[in-house]
Amino acid sequence: MSVVLITGASRGIGAACARAFARAGYDVAVNYHHSKEKADALVDEITAFGVRAVAVCADVADSGQVKGMFAAVRSQLGEVNILVNSAGIAHTGLLTDMTDGEWDRLIGADLSGTFYCCREALPDMIRAHSGVIVNIASMWGEVGASCEAAYSAAKAGVIGLTKALAKEVGPSGVRVNAVSPGVIMTDMMAGFSEDDIAALKDETPLNTLGTPGDIAEAALFLASDQARFITGQVLSVNGGFVI
Ligand code: NAP
């Protein structure tokens, strides 16, 4: 039985990943930061699939808390075999209006958090000569979004980290890939008006927006043995928005 740790799993894409991995028979560590009730409810829901699951609180932007989270998961479920880095926040606005604090908060959650979790997960994976990391990037990290410069920079950083780390740890039997979502209907889209959402849908060649489950299926595939020869890749799941 493999153990997967999913960051930002209390809501949205991370929660969909938790459901998909549990349904596939993985034991799941559900990381949350503020949404304890949602994380606890999700653990109750997915244990019904006959797997073990635990909720673990940590701000991924804090390396000390990330260390504590991995120790808690190791003691409750065992070594982490698969890491899915989904925790993230967004920020919309002109770069010239962005404060140092807003920049640091976004880079901390979206980029440094991925680094801290990878650094914590890798020693066990390298020792076992086996392991998979799936980072949730964004199509804006591929092509950049106006008024989302910091977010685009963080996600471009996640893509660079994914490619470089894949080269670094491939010889040690560890695969590292990214899923790059397009527009996915989660709380992260709450600030968008109905008109904005309709316009994004119109711009999408498949003429529909994505669901958290679309991203979870891609992450599950990349984590599986079916993807044993795939590393350092960015799987874009965006309905054709960015090609
Ligand atoms: P969401 O619904 O807003 O959920 C965000 C999740 O991240 C929550 O579970 C939240 O936990 C967690 N989180 C945020 N900051 C955290 C921190 N510092 N430490 C630990 N957990 C933290 O967002 P989503 O749409 O599922 O996004 C998930 C990932 O997909 C993000 O990396 C996002 O950038 C990426 N993405 C989303 C879209 C989209 O259209 N939705 C598109 C491209 C990429 P708590 O609630 O417990 O605090």
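Analyst: This is a predicted model, and in it the residues of the shell around the ligand divide into 16 nonpolar, 12 polar and 4 charged.

User: How many residues surround the ligand, and which are the closest?
Analyst: The ligand is surrounded by 32 residues, of which the closest are Ser10, Ile13, Ser35, Tyr151 and Thr186.

User: And which polar atoms lie 2.9 Å from an oxygen atom of the ligand?
Analyst: Arginine 11 places a polar side-chain atom 2.9 Å from a ligand oxygen atom, while histidine 33 has a polar backbone atom 2.9 Å from an oxygen atom of the ligand, and histidine 34 likewise has a polar backbone atom at 2.9 Å from an oxygen atom of the ligand.

User: How much of the ligand does the protein bury?
Analyst: The ligand taken alone exposes 900 Å², and the protein buries 94% of that; the space that the ligand takes is the largest pocket.

User: Which elements give two or more residues to that shell?
Analyst: Those elements are α1 (12-23), β2 (27-32) and α6 (149-169).

User: Switching to salt bridges, what does arginine 11 pair with?
Analyst: Its side chain meets that of aspartate 187 in a salt bridge, at 2.8 Å from N to O. This pair links distant parts of the chain, 176 residues apart, with arginine 11 in the loop between β1 (3-7) and α1 and aspartate 187 in the loop between β6 (174-181) and α7 (194-203).

User: What is the count of salt bridges?
Analyst: The count comes to 7 salt bridges.

Technical notes
Residues are numbered from 1 along each chain as its sequence is written. This is a predicted model: local features need pLDDT of at least 70, side-chain atom pairs count only at pLDDT 80 or more; totals for chains, interfaces and linings use all residues. Side-chain values use heavy atoms; hydrogens and water are left out. A residue is near a molecule or strand if one of its heavy atoms lies within 4 Å of it. A polar contact is a pair of N or O atoms within 3.5 Å; within protein, one must be able to donate a hydrogen and the other to accept it, and residues adjacent in sequence count only if both atoms are side-chain atoms. Accessible areas come from the Shrake-Rupley method with a 1.4 Å probe; for residues, only the protein chains shown count as cover. On a 1 Å grid over the protein atoms alone, a cavity is a set of points where a 1.4 Å probe fits but cannot get out, and a pocket is an open set with protein on both sides within 12 Å along at least five of seven lines; lining residues have an atom within 4 Å of a point. A molecule sits in a cavity or pocket if more than half of its atoms lie within 2 Å of its grid points. Helices (H or I, at least four residues) and strands (E, at least two) are DSSP runs, numbered from the N terminus. Ala, Val, Leu, Ile, Met, Phe, Trp, Tyr, Cys and Pro count as nonpolar, Asp, Glu, Lys and Arg as charged, and the others, Gly among them, as polar. A salt bridge is a side-chain nitrogen of Lys or Arg within 4 Å of a carboxyl oxygen of Asp or Glu.
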